[in-house]
Amino acid sequence: MRLSQMLLVTLREDPAEAEIPSHKLLLRAGYIRRVASGVYAYLPLMWRVLQKVSAIVREEMNATGAQECLLPQLQPSELWQESGRWETYTKAEGIMFALSDRQGREMGLGPTHEEVITAIARDCIQSYRQLPLHLYQIQTKFRDEIRPRFGLMRGREFIMKDGYSFHTDEDSLKQTYADMDQAYRNIIRRCGLAFQAVEADSGAIGGSGSQEFMVLAEAGEDEVLYVEDGSYAANVEKAVSRPPDAEPSPFSSYEKRDTPNTATIASVCEMLNCSPTQVVKNVLYQAVYDTGLTVLVLVSIRGDRDVNDVKLQNELTRRAADYKANALISLEVPDAEAQQKWAANPLPLGYIAPDLGDDWIQSQKQVHPKFLRLGDNTVKDLTNFVTGANETGHHVVGANWGDAFTCPPLLDLDKAMAGDRCLKNPQLTLQTARGIEVGHIFQLGTKYSQALGAVFTDENGKGNPLVMGCYGIGVSRLAQSAVEQSHDKDGIIWNPAIAPYHAIITVPNINVEEQMQVAEQLYAELNAAGVETLLDDRKERAGVKFKDADLMGIPYRVVTGRAIANGKVEVVQRATQEKQELEISQVVSTLKTWLEASQG
């Protein structure tokens with residue numbers, strides 16, 4: 001492709017809308033253009049990158065025996081209502097674009113395709129002889145993000161590979177799950193990225209277990225906790241740890257103390273001269289279910305720890321049936337305005353005890369009359385601890401479970417953090433890194449097949465729900481992640497495997513006949529040899545062309561400048577900026593050798 005004929009508009013300044021390096025560079029280098037908030041056009045250079053990534057994904061997926069298909073983007077609400085996720089996706093999380101057709105039927109633009117693929121399996125799979133079966137697609141997805149940002153990282157429209165497998169039992173599922181684990185590792189490595197596979201929360205997709213693939217980058221939205229020997233890594237939402245041991249309590253008897261102006265853990269510890277590890281703090285949450293019922297939740301946790309909201313949300317979702325509900329709509333720490341809607345009196349915030357009375361809740365039809373009391377495991381063994389007295393300006397000291405207070409049901413609600421000991425090996429401490437989630441694989445089990453009635457007949461003629469797996473990888477997100485991980489002050493540095501072109505021939509002065517002749521010769525020879533090459537034949541100054549080549553990130557630049565007088569051209573490697581002069585006759589073979597070496 002000749003640059004004089006390509007749709008290419010580069011920018012010298014960072015666009016105001018862009019926040020992170022990869023977003024800035026893709027806009028500046030003419031790869032993408034913003035059409036609306038969270039919606040981008042993939043211009044010719046970007047589309048070539050996406051095609052390269054998609055080709056790698058297809059090769060690795062096909063190698064596992066998976067079959068490619070294409071599912072509808074427009075999905076009927078009935079399928080989502082069968083699975084119980086329509087309210088979750090349209091209201092609780094609010095990420096589905098929902099609409100009504102001209103007959104008034106509710107439809108949604110697919111953020112994911114579990115319901116559709118399960119309905120297809122329900123219609124097409126009857127016997128165990130058809131299993132296992134693995135289908136995948138590469139398609140545009142739609143999610144109505146609250147705050148679209150970072151370009152293709154968190155857009156409202158994006159390209160994704162999603163796959164779904166069907167099995168007779170868990171052992172078969174685990175084999176495909178392991179195959180996908182390896183396939184995803186292969187995909188990301190082939191794209192030239194450093195990454196970490198981590199344990200993950202399954203979120204709204206559900207299932208018994210899942211794993212994320214994180215491209216390591218400072219701009220990553222996710223925090224990854226890991227140990228150096230590679231034996232443990234998890235998204236902070238899922239991570240578990242062994243917190244530091246609690247310090248001995250300085251109190252030996254139970255009493256109530258005046259503690260004015262100590263609504264924070266730090267201030268009460270300073271006044272009482274105690275460690276936050278000997279404080280039980282009680283965090284109030286307001287949960288709203290899809291029935292409209294509000295449940296007030298009181299979580300007791302050690303004073304030096306924080307509640308993991310994702311773990312709490314999962315627990316409350318599991319308890320939905322206890323409140324005759326299907327889904328959790330929202331979970332938040334209620335502000336003063338929210339409290340006024342249900343609190344009988346102003347709450348003693350900062351001084352709440354585990355036994356805050358249910359009479360603090362007004363009697364209302366849509367508010368559950370009792371607090372749901374939960375405790376984190378960190379409070380289990382505390383003795384003679386400090387906690388609130390349910391009275392502003394007062395705490396109690398020397399408290400014990402089974403004496404002053406009844407210990408609530410205990411579970412893991414703790415937010416693990418860097419510096420904690422690894423639960424699997426307490427000799428190791430957790431470290432932290434930022435990551436961009438590019439892939440996620442799930443063991444779904446029978447969640448969707450049971451909900452939608454997708455069954456198969458086993459060897460004995462008995463009907464059983466299909467056992468399912470789900471596997472997603474973000475094609476457009478992976479492409480931008482590559483830029484986030486590999487760039488410098490001059491622009492993008494593409495790995496040759498996914499670069500839009502392998503080489504660019506820069507003609508410093510197109511009016512010099514010899515420069516153009518050599519450029520045309522090499523342009524034809526390189527492309528014929530399979531080295532995808534651009535020819536910069538624009539009427540621009542040499543400096544502008546050099547800057548654009550660096551900005552675009554093309555792996556190799558061939559300059560038909562002064563060296564042609566000696567039968568040579570200058571070749572620059574983008575990743576290292578290393579320059580060398582090569583005989584014109586050696587350029588094609590040299591670049592082919594370099595490309596082969598880069599692909600391992």
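## The second largest pocket

The lining of the second largest pocket is made up of eight nonpolar, three polar and eight charged residues (Ala, Val, Leu, Ile, Met, Phe, Trp, Tyr, Cys and Pro count as nonpolar, Asp, Glu, Lys and Arg as charged, and the others, Gly among them, as polar). The volume of this second largest pocket is about 360 Å³. Of its 19 lining residues, the closest to the centre are Pro 243, Arg 302, Asp 376, Asn 377 and Thr 378. On a 1 Å grid over the protein atoms alone, a pocket is an open set of points with protein on both sides within 12 Å along at least five of seven lines, whereas a cavity is a set where a 1.4 Å probe fits but cannot get out; lining residues have an atom within 4 Å of a point. Points are joined across faces, edges and corners, and a volume is the space filled by probe spheres set on them.

The model is predicted: local features need pLDDT of at least 70 and side-chain atom pairs pLDDT 80 or more, while totals for chains, interfaces and linings use all residues. Residues are numbered from 1 along each chain as its sequence is written, and side-chain values use heavy atoms, with hydrogens and water left out.

A search of the whole structure finds one cavity of 30 Å³ or more. The largest cavity holds about 70 Å³ of space. Its lining consists of Ile 20, Phe 150, Met 153, Ala 219, Gly 220, Glu 221, Asp 222, Gly 435, Ile 436, Glu 437 and Arg 477. By class, five of these residues are nonpolar, two polar and four charged. Strand S21 (residues 431-445) gives the largest share of this lining, with three residues.

## The five-stranded sheet

Five strands form an open sheet in the order S28-S27-S29-S30-S31, and the pairing is mixed. Helices (H or I, at least four residues) and strands (E, at least two) are DSSP runs, numbered from the N terminus; two strands pair if DSSP finds at least two bridges between them. At the edges stand strand S28 (533-536) and strand S31 (578-583), each of which pairs on one side only. On average, neighbouring strands of this sheet are turned by 25° against each other, direction ignored (axes are lines fitted to C-alpha atoms, for helices over the stretch in contact, with angles from 0 to 180 degrees between N-to-C directions).

Four bridges join S29 and S30 in the antiparallel sense, and Val 558 stands opposite Val 571 in S30. Strand S30 (residues 568-573) also pairs antiparallel with S31, over six bridges. Within this pairing, Val 569 has Leu 582 of S31 as its bridge partner, and Gln 573 stands opposite Glu 578 in S31. The hairpin of S30 and S31 has four residues between the strands, and Gln 577 there takes a positive phi near 60°.

## Helices across the sheet

Helix H12 (residues 513-528) lies across strand S27 (503-506), S28, strand S29 (556-559) and S30, with contact meaning heavy atoms within 4.5 Å. The helix H12 runs at about 165° to S28. Helix H14 (residues 587-598) lies across S27, S29, S30 and S31, and runs at about 170° to S29.

## The three-stranded sheet

Another open sheet has three strands in the order S4-S6-S5, with antiparallel pairing. Strand S4 (74-76) and strand S5 (97-100) are its edges; each has a single partner strand, so one side of each is left without a neighbour in the sheet. Neighbouring strands here are turned by 35° against each other on average, direction ignored.

S5 and strand S6 (residues 106-109) run antiparallel and are joined by four bridges. The bridge partner of Ser 100 is Glu 106 in S6.

## Aromatic pairs

The structure holds seven aromatic pairs. One of them, Tyr 31 with Trp 494, is tilted, at 5.8 Å centre to centre and 50° between the planes. Tyr 31 lies in the loop between helix H1 (21-28) and strand S1 (32-36), and Trp 494 in the loop between strand S26 (491-492) and S27, so the pair ties together parts that are 463 residues apart in sequence. Rings of Phe, Tyr and Trp (its six-membered ring) pair if their centres lie within 6.5 Å; planes under 30 degrees apart count as stacked, over 60 as edge-to-face and the rest as tilted.

## Backbone features in loops

Leu 131 and Pro 132 are joined by a cis peptide bond, with omega about 0°. Pro 132 lies in the loop between helix H5 (114-124) and strand S7 (133-142).

Although Asn 273 is not a glycine, its phi is positive, at about 55°. Asn 273 belongs to the loop between helix H7 (265-272) and strand S14 (280-289).
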